Amino acid sequence: MSTQNENEAFTKLDDVVETIVAANAERNDEQSIFPRENLDALAAAGWTRVLIPHDYGGLGLDHVAFAEASYRIGQKDASTGLVYVMHVGAAQTVNLYGTHDQKERWLRPNGKYLLGTYSTSERASGGHWWYNFSEASRDGEDYIVNAEKSFTTSAGKADYYITQTRTPGARDQSDISFFIVDGGSPGITPGPWNALGVRGNHSGPIRYDGVKVPKRDRLGEENQGKEIIYNGVSPIYLVGLGAVWEGVARGVYDTAVNHIKNSFHQDTNKRLADYQAIRQELAKAKVHIESLGAWRRELASRLDTLWRSNSPQAELLIALTEFKVHASETANVAAAAALTVTGGYGYKKGALERYFRDARAGIGMGPSNIIARDWIGKTSVGLPLELFYEGGE
């Protein structure tokens with residue numbers, strides 16, 4: 001895509017973010033409404049197909065553009081940002097590992113975009129979302145999926161789910177296969193979503209009871225799942241996730257700054273911005289926020305280099321994990337500072353309070369920051385990081 005076309009695409013994105021995503025954020029949070037209107041607008045602007053090649057009806061952009069879009073959406077609404085990241089990640093996984101037939105059916109708009117998402121984590125393995133106990137069975141050349149997934153963004157709302165289970169007859173937990181599961185298939189039952197924050201992303205549980213998946217919708221080869229997790233799912237998920245939390249940090253900071261610049265104490269005839277203590281509190285948050293943008297762009301650019309050279313993207317797994325940890329913790333630092341400097345106003349129901357609740361979700365989203373820091377620490381001291389066997393996680 002030419003620079004002019006890319007600029008035009010970002011102009012369309014900004015219009016959607018400012019006029020639709022921002023306008024719907026409070027309502028969607030208050031009523032736990034899935035942000036379908038926001039996604040439809042992003043799709044109309046082409047951004048749900050950001051990484052998809054022109055040959056399949058996409059924008060043909062790169063990870064730098066995707067991460068920037070996730071950041072801009074996250075500034076206004078974390079729920080929409082997370083749904084967006086899961087969709088683009090699901091689509092890109094099909095783009096990387098899918099057949100021509102799969103790309104034609106699931107990625108090409110054909111009059112209406114199809115919303116995708118990941119459906120991976122299981123209650124029995126907790127935050128180890130990559131580790132499954134469910135195992136698909138065979139029905140001739142086709143497959144039957146029986147599984148209980150504990151957190152699936154867009155549960156009950158997606159047109160297709162990128163789902164992983166153990167391969168039929170798996171020797172152990174590392175024999176994994178991926179499937180594109182049609183969201184309209186009989187046997188899919190989503191559970192409720194009623195959460196502290198990100199109330200619009202509908203990351204509820206989902207059950208697959210005897211769901212038939214035709215052979216044509218197995219993604220990749222049998223037992224290729226481990227490679228797909230490392231090189232297909234994790235890199236784009238982590239850079240997008242971190243970008244959303246960076247956006248939340250920036251969004252809550254900007255909202256707080258706007259408030260203190262325009263709020264007065266009549267008894268002292270001072271704005272809140274005239275108090276040194278308040279300015280210093282904001283400055284601490286801003287230093288953290290400013291550390292993220294260049295890092296995001298650099299990581300996304302390195303992902304693009306690996307993608308274009310058909311090299312394993314898992315090379316960046318730890319660096320991307322570090323970015324996710326820092327971005328989500330920065331969002332919490334910024335949200336806490338925003339409530340501090342705005343006092344009772346920030347604590348009231350509204351944008352700042354919503355940002356505060358949303359930010360907390362980033363700490364726990366897999367890999368949770370506790371797990372992630374152990375990965376980082378292990379690699380720092382030369383210990384193995386093998387996620388599928390005890391002692392390596």
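**Sheet and helix pair in a predicted model**

User: How do you know that β3 and β7 are paired?
Analyst: This is a predicted model. In it, 6 bridges link β3 (residues 142–149) with β7 (residues 206–213). Pairing needs at least two bridges, so the two strands count as paired. They run antiparallel. Glu148 stands opposite Arg207 in β7.

User: Which sheet do 4 strands form, and in what order?
Analyst: The sheet is open, with the order β2-β3-β7-β6 and antiparallel pairing.

User: What makes β2 and β6 stand at the edges?
Analyst: β2 (137–139) and β6 (188–190) each have a single partner strand, so one side of each lacks a neighbour in the sheet. On average, neighbouring strands of this sheet are turned by 20° against each other, direction ignored.

User: Why is α4 called roughly antiparallel to α6?
Analyst: The axes of α4 (residues 78–97) and α6 (residues 225–261) cross at roughly 155°. Angles over 145 degrees count as roughly antiparallel, so α4 is roughly antiparallel to α6. The axes come within 9 Å. The crossing is right-handed.

User: Which residues make the contact of α4 with α6?
Analyst: From α4, they include Gly81, Leu82, Val85 and Gly89. From α6, they include Glu227, Gly232, Ile236 and Trp245.

User: How many residues of each class does the contact of α4 with α6 have?
Analyst: The contact has 15 nonpolar, 7 polar and 1 charged residues.

Methods: Residues are numbered from 1 along each chain as its sequence is written. This is a predicted model: local features need pLDDT of at least 70, side-chain atom pairs count only at pLDDT 80 or more; totals for chains, interfaces and linings use all residues. Side-chain values use heavy atoms; hydrogens and water are left out. Axes are lines fitted to C-alpha atoms, for helices over the stretch in contact, and angles run from 0 to 180 degrees between N-to-C directions. Angles under 35 degrees count as roughly parallel, over 145 as roughly antiparallel, 65 to 115 as roughly perpendicular and the rest as oblique. A crossing is left-handed if the near helix is turned anticlockwise from the far one by less than a right angle, and right-handed if clockwise. Contact means heavy atoms within 4.5 Å. Ala, Val, Leu, Ile, Met, Phe, Trp, Tyr, Cys and Pro count as nonpolar, Asp, Glu, Lys and Arg as charged, and the others, Gly among them, as polar.
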